[in-house]
Amino acid sequence: MTTKPEAEVPLWNIANILTMLRCVMVPLLVVLAILYPDTVPGRLLVAAVFVLAMITDFVDGHLARSRNLITDFGKIMDPIADKAITGAALIMLSVWEYVPWWMTVLILVREIGITVMRFTILKYGALPANMAGKAKTMVQSIAITFCLIPFELWWSPARWIGLALVLLAVVLTVWSGLVNLKDGLRLRREALSAGTGQA
C-alpha cells in the first residue's frame, strides 16, 4: 500500500502573509515616529502599530503550527520581521532621547548575533525556543509598548518606569542570549559527536 505524499504547503498562506505584513509595519512605524515624536495622538498611533505587529507575531506562529503552514520562508522571515520591528521601535525611542543608545545597541547586538547563530547551526538541528527567550520577548514587548505610549507627557515620573522596564529587558536579553549560545554550542557538539553534522 503506497502512502499519498503530503501536500506541499503554499508559500502565500495566511501565516506568511501576516509575517510580510509585519515587515511592512517597520517603515510605517519609523515614519510615524519621525513625524509624531511628542504629540499624544501621534505617539498612541506609533504604539498601536507596534502592538498590532506583536499581535501578528503571535497569530502567525499559532496559525503556522495549528494549520501545518510551516515553510522555509516563514522560518527565515518570521524572526527577521520580529527583530526588525523591535529594533526599529528601540532605535526611534533612542532618537527621541528616551532610551539610552547603549541599551538599544546592546539589545540589537544580542538579537542579531543569536539570529545569525541560529542560521549557522541549522545543519546540526533547529535550536528550540526556551523559557529565557520567551520571558525576554514578553518583557521587551511590554517595555517598548510602555515607552511608546506617551505616559511621560501626562506624568513625568513615568519616564523612569519606562527606563526601568527597558533595563529589565536588557538584563533578560543578555541572559537569554547566553542561554541560547550555550544551547547552540551543545547542539553543535552533540550533532558532531553523533556524526550528523560536518565541521
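First, the ground rules. The model is predicted: local features need pLDDT of at least 70, side-chain atom pairs count only at pLDDT 80 or more, and totals for chains, interfaces and linings use all residues. Numbering runs from 1 along each chain as its sequence is written, and side-chain values use heavy atoms, with hydrogens and water left out. Helices are DSSP runs of H or I, at least four residues, numbered from the N terminus.

Start with α5 and α7. Helix α5 covers residues 131-148, and its axis comes within 8 Å of that of α7, crossing at roughly 160 degrees. Axes here are lines fitted to C-alpha atoms over the stretch in contact, with angles from 0 to 180 degrees between N-to-C directions. So α5 and α7 are roughly antiparallel, meaning an angle over 145 degrees. The crossing is left-handed: the near helix is turned anticlockwise from the far one by less than a right angle. Among the contact residues are Ala135, Val139 and Phe146 of α5, and Leu165, Leu172 and Trp175 of α7. Contact means heavy atoms within 4.5 Å. By class, this contact has 15 nonpolar, five polar and one charged residues. Gly counts as polar in that scheme.

Now α4. Helix α4, residues 101-120, and helix α7, residues 158-194, have axes within 10 Å that cross at roughly 25 degrees. They are therefore roughly parallel, the label for angles under 35 degrees. This crossing is left-handed. In α4, the contact includes Trp102, Leu106, Glu111 and Ile114; in α7, Leu163, Val170 and Leu181 are among those met. The class count is twelve nonpolar, five polar and three charged residues.

Stay with Glu111. Which residue does Glu111 form a salt bridge with? Lys83, with the closest N and O atoms 4.0 Å apart. The criterion is a Lys or Arg side-chain nitrogen within 4 Å of an Asp or Glu carboxyl oxygen. Lys83 sits in helix α3, residues 72-95, and the partners are 28 residues apart. The structure holds seven salt bridges.

Last, the record. An unreviewed UniProt entry places "transmembrane region" at residues 12-36, 42-59, 80-99 and 161-181; such annotations may be inferred rather than shown by experiment. Residues 42-59 are 100% helix, end C-alpha atoms 26 Å apart. Residues 80-99 are 80% helix, with ends 22 Å apart.

Notes. Helix = DSSP H or I, 4+ residues; strand = E, 2+ residues; numbered from the N terminus. Parallel < 35°, antiparallel > 145°, perpendicular 65-115°, else oblique.
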